[in-house]
Amino acid sequence: MNILLSVLVIFAFAFVGPFVGKYAEKFSGWILALVPLSVFLWFAGFIPEISGGEVFNESHVWVSYLGINMSFYLDGLSLLFALIITGVGTFIMIYGGGYLAGDPNIGRFYFSILLFMGSMLGVVLADNIIALFIFWELTSISSYLLIGYYHEKEESRKSALQALIVTGSGGLAMLAGFIILSIITGTMEISEMFSQSLAVSEHPWYLGMLILVLLGAFTKSAQFPFHFWLPGAMAAPTPVSAYLHSATMVKAGVYLMARLNPVLGGTIEWTYIVTIVGAITMVVGSWLALAHTDLKKVLAYSTVMALGTLTMLIGLGHEYAVKAIAVFILGHSLYKGALFMVAGTVDHEAGTRDVNLISGLRKTMPITATFGCIAALSMAGMAPLLGFIGKELVYEAALSANVFPMALITVAVLANIAVVASSGIVAIRPFFGEYKEHDKHVHEAPASMWIGPAVLSVLSIIFGILPFLIDGTIISKAAASVAGTPELVVSLSLWHGINAALILSVVTFLSGVAVYIFWNSFRDSRGFQGYSSVFGEAPRKGYENWLSGTLSLAAAQTRFFQNGYLRHYLLTVLSFFVIVTGFTLVTKTDVVMAASFTDIMFYEWVIAGVIMIAGLAAVLAGSGLVAIAALGVVGYSISLLYIMFSAPDLAITQVLVETLTVILVALVLIHIPKFSTFTSTASKVRDAVIAGATGLIVTLIILAVLTVEFDPFMTEYFAENSYVVAHGRNIVNVILVDFRALDTFGEIVVIGVAGVGVYGLIKLGKKMIHKEEETTV
Amino acid sequence: MNSVILKTAARLLFPLLLVFSIFLFFRGHNEPGGGFIGGLVGASAFVLFAIAFGTEVTRKLLRIDPRILIGWGLFFALVSGIMSMMAGDAFFTGQWIFPVLFGSEIHLGTPLIFDIGVYLVVVGFTLAVIFALEEEN
């Protein structure tokens, strides 16, 4: 119950959050930070047991007959992610409270971010792949709400939708992959799949399944060519970017690949696809960062680079690589979370995050500047920070790769050169140099906005100098989970001696500094502009073309079928019914006139006659009112039939519905023009044929139904159990509200939606017409 | 419509129809009636009143926007299902208690809450549409 509870607690507080935001105002962020903090501390309590080699399983029955359980699996990898999610989340709550202070919509922020936090925690803890998928989709939905936080801006809405469509489509592909995977392995629990990796990789469906699952991971983790949504998502408030788009959500894809590496990995297909996509993303993303002067855009592209690096490492999958994954995930979360928050603080205080417009802020914002610089040094991979250890391990992993090591180390160095330059852009540009006068009086941010960067960047130093603090406790077990082995031999240290990786680091740093110095002219060079438009703009344009193509196809299709003429709809529906049902009826059943006319009472004949005459009258009526009245006669007569055949519930309902229909129609009729007779004889004949055929088919169906012997099983079951089980004697009602309550629920939902829809058509339709009139006038 | 007869009749019939709708609602479990039928009668009470006195007065009488009633109805229905889950049964499995009131045993169960939901949705839907149409004229 405990792991489930940790997720549910956060979900529960999502609903409390808006109230805290409303009533605690200034302190709401600090108060709500206690939620992730307590969950963080609870998970931290698992460190001794997990580092001792234990894993925890917890399962709750959900949809047992489909093998879907709400089951959880806590090992080194899950624990590392859970700690990052709740740990960084704690500071995001504090930071968000400060960043959005005074925003009347802050409650919505708290709701969405806690909803996201719970979902993300669910993703990394879930053992059942369907449970994982549901949490995965929940992160997409909450991310949509968060990116679109400033919903009055078109750019926000567009970016939110873009992120949702890209990650959502990938998620659907992933679901298909998951289902194939569960068919191959015969289980939906990831922990039960570990032992079947051989069977999985030798299965004929392996490649197809792999591509589907990877599509989900690649879209979520912004791998090339799906990387464009991530810089777009920077339209979100900065606390969201710091949390979702650097530390947590975008790493869900990385998590998934790492989690499934023991099941799917190790094959040639896996190694090539994952390594190559990761390497391309790494180098493409890192250099795209240099094309921008917006702090958040620079950070976003360097995040793309980090995600590419992680993906490449997962593809390699050997000992150095898995170790590098664990260190890099933690290191990146620490420095990137801090840097995003710093960028947000700068934006918040200086009113812009364009590095061309700000400089020298260290004088007015010394605290923010200090921690921003520490985090940037970690990002640049400088000793003695954790980023250095991470980068060294990446180099080691690339050097000892089993597939084209020379190419990989080249792109890794190239990518890191750009990252060094990016670090300079985000740390040196805004804080050093001449102080520029700004419109807004710039001053140091409140404590809530520097405490997060402070703690995260100081942790980068501590873990960098004393790597054993994290190595034995969490990193080595996380790495072992990725590798699928119980223990690893590679251990962390700051100083490896003078080796190839260290020399490459020096080369990287010097080249990065050179790029930074010449950044201005480099950015404007034509070659670089071309690079940026090919790798940055083209995929986004491709997406937009695809989207607008889909929309125009849908529009054309809608214009064809939904042409707005009710009579055409009827024509389509009824013709289809006549053809398809008629065909089936004629070919599959023998229609015989089984019913005899002898036992029909005379008053039944009378009612039947009335119905037929009224029907005819409705068809021939010269005005709408007469037609409606005639149809009313049909309805009331049918309700008489219901009474005769002992269905009083139906009869009452029919009478009431007929009555209300008359009122409704009377209200509508006022707006409808008089019957016009502009229909041609040809179309009248066509309508008559289709109407006649429909009537004939329905009659034939009823006759066919009567020939089938009535099976009293259900009736008897309901009659016997209605009172005993459901405590009601009226079987009809008991079926409606108890035995088949789910059906009724679906129906009332339809009624509700229809009600809102009709209301909208009546009220808003008129408003829109008014608006159009106003604009044309 | 400005008719004295209609207005007088509506004033008298309105409470009668409402009581009748509640009667039908409770009756539904053992005899013909139930949330759907009760809801339709309840809605017609308000519709009649609206025809006689106009929608503005009727909306005030109803106090709550019919669209909100739809939401409450769905909420009640959903809650009745969730109560079953809380009790450890499948969604919408009826849960019953049998308190004794004035010497007779009463059957109270989640289907009753569900039926309240149906009632409210039906009333909300009918009134939302009819009021909106009337206000158009």
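Modeller: Two residues are in contact when their C-beta atoms, placed from the backbone, lie within 7 Å. We shall apply this criterion to a model that is predicted.

Biologist: Which residues of H19(A) meet H22(A)?

Modeller: From H19(A) come A:Val413, A:Asn416, A:Ile417, A:Ala418, A:Val420, A:Ala421 and A:Gly424. Facing them in H22(A) are A:Leu504, A:Val507, A:Thr508, A:Phe509, A:Ser511, A:Gly512, A:Val513, A:Val515 and A:Tyr516. By class, this contact comprises 11 nonpolar and 5 polar residues, with no charged residues.

Biologist: At what angle do the axes of helix H19 and helix H22 of chain A cross?

Modeller: The axes of H19 (residues 405-431) and H22 (residues 500-517) of chain A cross at roughly 50° and come within 8 Å. H19(A) and H22(A) are therefore oblique to each other. The crossing of H19(A) over H22(A) is right-handed.

Biologist: Let us turn to the strands. How many bridges join S1 to S2 in chain A?

Modeller: In a regular strand, side chains alternate between the two faces of the sheet. Here, strand S1 (residues 56-63) of chain A is joined to S2(A) by 7 bridges, and the two run antiparallel. One of the pairings is that of A:Asn57 with A:Tyr73 in S2(A). The hairpin has 4 residues between its strands, and A:Gly67 takes a positive phi near 75° there.

Biologist: Is strand S2 of chain A mostly covered or mostly uncovered?

Modeller: Strand S2 (residues 68-74) of chain A is mostly covered, with 6 of its 7 residues buried.

Biologist: How many residues of chain B are in contact with chain A?

Modeller: The size of an interface is often given as the accessible area lost when the parts come together. Counted by residues in contact, 43 of chain B face 36 of chain A. On the chain B side, the elements that give two or more residues are helix H2 (35-53), helix H4 (66-86) and helix H5 (110-136). H5(B) supplies the largest share, 16 residues. By class, the chain B side has 23 nonpolar, 15 polar and 5 charged residues.

Conventions
Residues are numbered from 1 along each chain as its sequence is written. Chains are lettered from A and ligands numbered from 1 in the order in which they are written. This is a predicted model: local features need pLDDT of at least 70, side-chain atom pairs count only at pLDDT 80 or more; totals for chains, interfaces and linings use all residues. Ala, Val, Leu, Ile, Met, Phe, Trp, Tyr, Cys and Pro count as nonpolar, Asp, Glu, Lys and Arg as charged, and the others, Gly among them, as polar. Axes are lines fitted to C-alpha atoms, for helices over the stretch in contact, and angles run from 0 to 180 degrees between N-to-C directions. Angles under 35 degrees count as roughly parallel, over 145 as roughly antiparallel, 65 to 115 as roughly perpendicular and the rest as oblique. A crossing is left-handed if the near helix is turned anticlockwise from the far one by less than a right angle, and right-handed if clockwise. A residue is buried if 20 or more other C-beta atoms lie within 10 Å of its own, exposed if 12 or fewer, and partly exposed in between; C-beta atoms are placed from the backbone. Two strands pair if DSSP finds at least two bridges between them.
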